[in-house]
Amino acid sequence: DIFSTVNRYTETVSAIVNRCGGVVVEFNGDGMMAVFGAPRPLPAKEAAAVRAARELVSAVPRMAPAGSDTTLGVGVGVATGLAFVGNIEAVDRTIWSAIGSTTNLAARLQNLTREHGASVLVCETTWQRAAQEAAGFTRLADIAIRGRRGTDTLYALPLTPAGGTSPATA
């Protein structure tokens with residue numbers, strides 16, 4: 001049941017990210033990293049990333065094994081900025097990846113979703129550029145993020161009381 005659920009998760013996540021124009025860079029257990037706008041340019045990449053995040057938040061709870069009382073949820077962090085994208089080579093493999101402060105920020109936003117009662121957290125630049133896709137997000141000001149100086153303004157798509165998605169979710 002566990003591997004069946006994880007396989008449904010990776011298949012669903014990959015399909016959503018690809019349909020929205022992104023590329024899954026890696027899966028790490030039940031976590032994953034995706035990139036929008038590389039290796040090919042993607043117009044409105046922030047809107048595409050937020051659309052994918054909303055779809056993931058809607059899809060993941062439906063992946064619980066049939067007849068199980070297990071509740072599945074997901075927290076998504078989205079950040080906009082520069083990243084180094086390319087091949088990382090080891091003795092036994094080549095891995096296409098994205099690295100840099102933007103990918104670190106996205107990971108930290110994902111980690112903060114529980115603390116802020118959010119299904120999706122985005123940085124201010126993402127929120128501004130995502131336009132209508134970011135409708136229904138709540139502004140969170142003066143948030144300290146580990147590894148960054150000062151504070152940041154973030155935007156959150158709140159969890160609903162039942163653990164589902166916000167009514168604004170498409």
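In this predicted model, Phe27 is partly exposed, with a relative accessible area of 32%. A search of the whole structure finds 2 aromatic pairs, and Tyr9 and Phe27 form an edge-to-face one. Tyr9 belongs to helix α1 (residues 2-19) and Phe27 to strand β1 (residues 23-28), so the pair ties together parts that are 18 residues apart in sequence.

Trp127 and Tyr155 form a stacked aromatic pair. This pair links distant parts of the chain, with Trp127 in helix α4 (residues 124-130) and Tyr155 in strand β8 (residues 152-158), 28 residues apart. Trp127 is partly exposed, with a relative accessible area of 30%, whereas Tyr155 is buried at 5%.

| Aromatic pair | Arrangement | Centre to centre | Angle between planes |
|---|---|---|---|
| Tyr9 and Phe27 | edge-to-face | 6.3 Å | 75 degrees |
| Trp127 and Tyr155 | stacked | 4.0 Å | 5 degrees |

Strand β8 is also part of an open sheet of 4 strands, which has the order β3-β6-β8-β7 and mixed pairing. Strands β3 (76-78) and β7 (138-143) stand at the edges; each has a single partner strand, so one side of each is left without a neighbour in the sheet. From one strand to the next, the twist averages 25 degrees. Strand β3 pairs with β6 (residues 118-123) in the parallel sense over 3 bridges, and Leu121 in β6 is the bridge partner of Gly77.

Ala34 lies in strand β2 (residues 31-35) and counts as partly exposed at 26% relative accessibility. Beyond residues up to four places away in sequence, Ala34 touches Val17, Val23, Val24 and Val25. The C-alpha atoms of Ala34 and Ala98 are separated by 8.8 Å, although the two residues are 64 residues apart along the chain.

Notes: Residues numbered from 1 in each chain as written. Predicted model: local features only at pLDDT ≥ 70, side-chain atom pairs only at ≥ 80, totals over all residues. Heavy atoms only, no water. Pairing = 2+ DSSP bridges. Helix = DSSP H or I, 4+ residues; strand = E, 2+ residues; numbered from the N terminus. Axes fitted to C-alpha atoms, helices over the stretch in contact; angles between N-to-C directions. Buried < 20%, exposed > 50% of the residue type's maximum accessible area, 1.4 Å probe, protein only. Contact = heavy atoms within 4.5 Å. Phe/Tyr/Trp six-rings, centres within 6.5 Å; stacked < 30°, edge-to-face > 60°.
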